[in-house]
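Here is a short briefing on one protein chain. Look over the sequence and the fold before reading on.

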Amino acid sequence: MKSPKDTRRTFIKKTIAGTTVLSIGGILPGFSPKSYGKILGANERIKVSVMGVNSRGNALAQNFAKQPNAEVLHICDVDRIAAEKCIAAVSKIQDKQPKATADFRKSLEDKDVDVLVVAAPDHWHAPAAILACKAGKDVYLEKPSSHNPHEGEILVQAASKHNRVIQMGNQRRSWPNVAAAIKEVHDGAIGRPYYAKTWYTNNRGPIGIGKKVPVPDHLDYELWQGPAPREAYRDNIIHYNWHWFWNWGTGEALNNGTHMVDLARWGLGVEFPTKVTSSGGRYRYQDDWETPDTQMISLEFDNNSLITWEGRSCNGINNEGSSVGVIFYGEDGSVNIGGGNAYAIYDLKNKLVKEVKYDRTVDARNLSDPTQDLDAIHIQNMFDAIKKGTPLAAEINGGQASTLLVQLGNIAQRSGETLYIDPKNGHIINNKAAIKYWKRDYEPGWEPTA
């Protein structure tokens, strides 16, 4: 006998499969998302709960609300102020005001919720997505897919075990011109590609030395920490600086490196490396920042190819004309994909062979919403996967494989070791100093299981 959840999923597939999918940029003149919502009907829309809405999650909540075939039911955040701000923004877009649910686990109990959008801090990504899978929900999961390799593997197992759709927020996989550039690489436009150089730059300031202060009344700090071992509240952690503390964050390598390393892995057609090195450190300021602000990661593969990632958090001068990007070097030329939905092909004499432009500016340093219209394509791809079984642009197996590459870089950095990797499964070979970083300690009772 089918569960109510399965019955609803079947209903969604049947009722919306024939509906023309429209991105934000494709909505007909004179029609708003609210108008389309009324045409489709409440029962035909995919119902969404969004977890973590202070910055990126706020933008995602609004983007999901703008989709004609979706409705945001719940806004989940441990910060009451962030939740109220997001609810107000979403309510201006759709007919129905979403409910405020501080604890996302309560949202998972709602049988009407189809999708959990996870945009909380990194230490929550895999644990929250795993709980959603167990609750029968599909997941839109912001990068990185996991805080550490061990829980990433559990997440992949959970998605398979519970037959859930998980779309990772590697949105560039759905950007048309980026996908076209990767196809150029695959089709031999530059001969055999053997090296992909990736980078991200910014001008982040110091975070200072944190002071222990009372937790603000509007913040549930206990729930914010969730799976992470407890630390006293300090005034330089929340809302963004947690990225630079190992207990909750994963540094610039996973914060922004994941995007470009994922494209590099896609273009080169590789999965797990054979050798990983990293160098760098906290060079610019003397403060509480723990992760590197300057880092070079090198990943070698058994098909005689190489990926490098350069992260500069505190010196934003561009590389190759862009603050973020990937260049593929091949036997006959190169393909440059900058931070936007565009690319250029060069021959070995540095002559421009082909250039594909995009008429809108993409600000890769925008913390919340650099590319709403392009990201809508990624969202609709997930909806098609739910409704029709369409292949995901960024399914979780590949998403975790890309996440693992930069996780291995961080492990090499933290252990000070050169890592030798089993190319069949991505595991570290015979290195106790490095293997101890494969997984993390959890607050008792919060250990994730598939």
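Predicted model: local features only at pLDDT ≥ 70, side-chain atom pairs only at ≥ 80, totals over all residues.

Residues are numbered from 1 along each chain as its sequence is written, and side-chain values use heavy atoms, with hydrogens and water left out.

**Whole chain**
- The protein chain has 14 helices and 15 strands; these are DSSP runs numbered from the N terminus, with helices being H or I of at least four residues and strands E of at least two.
- Contact means heavy atoms within 4.5 Å. Among contacts between residues at least 6 apart in sequence, 71% join residues at least 24 apart.

**Helix 12**
- The 17 residues should span 24 Å at 1.5 Å a residue, and the end C-alpha atoms are 24 Å apart, which agrees. The expected span is 1.5 Å times one less than the number of residues.
- Gly389 follows helix 12, with a positive phi near 80 degrees.

**His378**
- His378 lies in helix 12 (residues 372-388).
- His378 is buried, at a relative accessible area of 0%.
- The side chains of His378 and Ser174 form a polar contact of 2.6 Å (a pair of N or O atoms within 3.5 Å; within protein, one must be able to donate a hydrogen and the other to accept it, and residues adjacent in sequence count only if both atoms are side-chain atoms).
- Leaving out residues up to four places away in sequence, His378 touches several residues, including Tyr140, Gln167, Met168, Asn170 and Ala393.

**Helix pairs**
- Helix 3 (residues 56-66) packs on helix 4 (residues 80-91) at about 25 degrees, with axes 9 Å apart. Axes are lines fitted to C-alpha atoms, for helices over the stretch in contact, and angles run from 0 to 180 degrees between N-to-C directions.
- The contact involves Asn58, Ala61, Gln62 and Ala65 of helix 3 and Lys85, Cys86, Ala89 and Val90 of helix 4.
- The axes of helix 6 (residues 122-134) and helix 7 (residues 149-161) come within 9 Å and cross at roughly 15 degrees.
- Among the residues in that contact are Ala126 and Ile130 of helix 6 and Ile154 and Ala158 of helix 7.

Conventions. Buried < 20%, exposed > 50% of the residue type's maximum accessible area, 1.4 Å probe, protein only.
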